[in-house]
Amino acid sequence: MTGLTLGIIGLALTALLCGVGSGLGLRATASASAGVLAEDPKKFGKVIILTLLPATQGLYGFAIAFIGASALPTVANLQAAGITAAASDPVLSAQIMAQGWNVFMACLPMMIGGAVSAYLQGKASAATIIAVGKNSETSKAFLFPAMIEFYALLGLVVSIILFNHFPVSGIPSITVNPVVPAVAGVLGL
């Protein structure tokens, strides 16, 4: 596996898991909204925002996949960064692998935070939709699903910050420590 492959897996999993979490959250909110609207269609304006709230994490996951693509150690990105060493250079190969891990790890806050918060936000929003269906004067209940959105935004911001701290142009500055001969013998390298 190369650093590029590892980075692509991280970006793909971020988009995928955030999308799945949003889909599960939307399933819960859409079901609750359908029940409320079947009884009182005039409540559409109150339930539509709550219904769509879990969809934001899917958008955040897509945004991270898009932003993170610029940090992938692709040939085009390497050339644009002025890295012209041969791919067979073992130091450069190790640096590219490290960059792949950087991309993968930068995806984790949004990947996990987005998937989990979308699912949980769907459950909280569905409960709030049911409350709105029973009593239209439950404007304070809107705060509960919004609190979960805060943690999705934290994951988004942390992932963006991490991507901004290791651009492709920084690959040559990644320090690669050689394997100590004694350790290599123990590990069978």
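Trainee: Is Phe66 buried or exposed?
Mentor: Exposed. Phe66 has a relative accessibility of 64%. Keep in mind that this is a predicted model.
Trainee: And Phe62, buried or exposed?
Mentor: Phe62 counts as exposed too, at 55% relative accessibility. The cut-off for exposed is over 50%.
Trainee: How many aromatic pairs are there in the whole structure?
Mentor: The search finds 4. Phe62 and Phe66 form one of them, and that pair is stacked. Their ring centres are 6.5 Å apart, with 25° between the planes.
Trainee: Why does that count as stacked?
Mentor: Because planes under 30 degrees apart count as stacked, and here the angle is 25°.
Trainee: Where do Phe62 and Phe66 sit in the chain?
Mentor: Both are in helix H3, residues 55-68. They are 4 residues apart, so about one helical turn separates them.
Trainee: What about Trp101 and Phe104?
Mentor: That pair is edge-to-face. The centres are 5.9 Å apart and the planes make an angle of 80°. Both residues lie in helix H5, residues 90-134. They are 3 residues apart, about one turn of the helix.
Trainee: How exposed are Trp101 and Phe104?
Mentor: Trp101 is partly exposed, with a relative accessible area of 43%. Phe104 counts as buried, at 16%.
Trainee: Let's switch to the fold. How many helices and strands?
Mentor: The chain has 7 helices and 0 strands. Along the sequence the pattern reads α-α-α-α-α-α-α.
Trainee: How much of the chain is buried?
Mentor: Buried residues make up 37% of the 189 residues. The accessible surface is about 10,200 Å², and 74% of that belongs to carbon and sulfur atoms.
Trainee: And the contacts along the chain?
Mentor: Take contacts between residues at least 6 apart in sequence. Of those, 87% join residues at least 24 apart.
Trainee: Back to H5. How does H1 pack against H5?
Mentor: H1 covers residues 3-39. The axes of H1 and H5 come within 7 Å and cross at roughly 0°. That makes H1 roughly parallel to H5.
Trainee: What kinds of residues make the H1 contact with H5?
Mentor: There are 24 nonpolar, 14 polar and no charged residues.
Trainee: And what's the angle between H2 and H5?
Mentor: About 170°, with the axes 9 Å apart. H2 is residues 44-52. That makes H2 roughly antiparallel to H5.
Trainee: Which residues make the contact between H2 and H5?
Mentor: From H2, Lys46, Val47, Leu50 and Thr51. From H5, Ser125, Thr128, Ile129 and Val132.
Trainee: Last one. Where does Phe166 lie?
Mentor: In the loop between helix H6 (143-164) and helix H7 (181-187).
Trainee: Buried or exposed, that Phe166?
Mentor: Phe166 is buried, with a relative accessible area of 13%. It counts as buried because the cut-off is under 20%.
Trainee: Which residues is Phe166 in contact with?
Mentor: Leaving aside neighbours within four places in sequence, Phe166 contacts Ala71, Gln99, Asn102, Val103 and Ala106.
Trainee: How far is Gln99 from Phe166?
Mentor: They are 67 residues apart along the chain. Their C-alpha atoms are separated by 7.9 Å.

Note on methods
Residues are numbered from 1 along each chain as its sequence is written. This is a predicted model: local features need pLDDT of at least 70, side-chain atom pairs count only at pLDDT 80 or more; totals for chains, interfaces and linings use all residues. Side-chain values use heavy atoms; hydrogens and water are left out. Rings of Phe, Tyr and Trp (its six-membered ring) pair if their centres lie within 6.5 Å; planes under 30 degrees apart count as stacked, over 60 as edge-to-face and the rest as tilted. Helices (H or I, at least four residues) and strands (E, at least two) are DSSP runs, numbered from the N terminus. Buried means under 20% relative accessible area, exposed over 50%, partly exposed in between (1.4 Å probe, protein chains only). Contact means heavy atoms within 4.5 Å. Accessible areas come from the Shrake-Rupley method with a 1.4 Å probe; for residues, only the protein chains shown count as cover. Axes are lines fitted to C-alpha atoms, for helices over the stretch in contact, and angles run from 0 to 180 degrees between N-to-C directions. Angles under 35 degrees count as roughly parallel, over 145 as roughly antiparallel, 65 to 115 as roughly perpendicular and the rest as oblique. Ala, Val, Leu, Ile, Met, Phe, Trp, Tyr, Cys and Pro count as nonpolar, Asp, Glu, Lys and Arg as charged, and the others, Gly among them, as polar.
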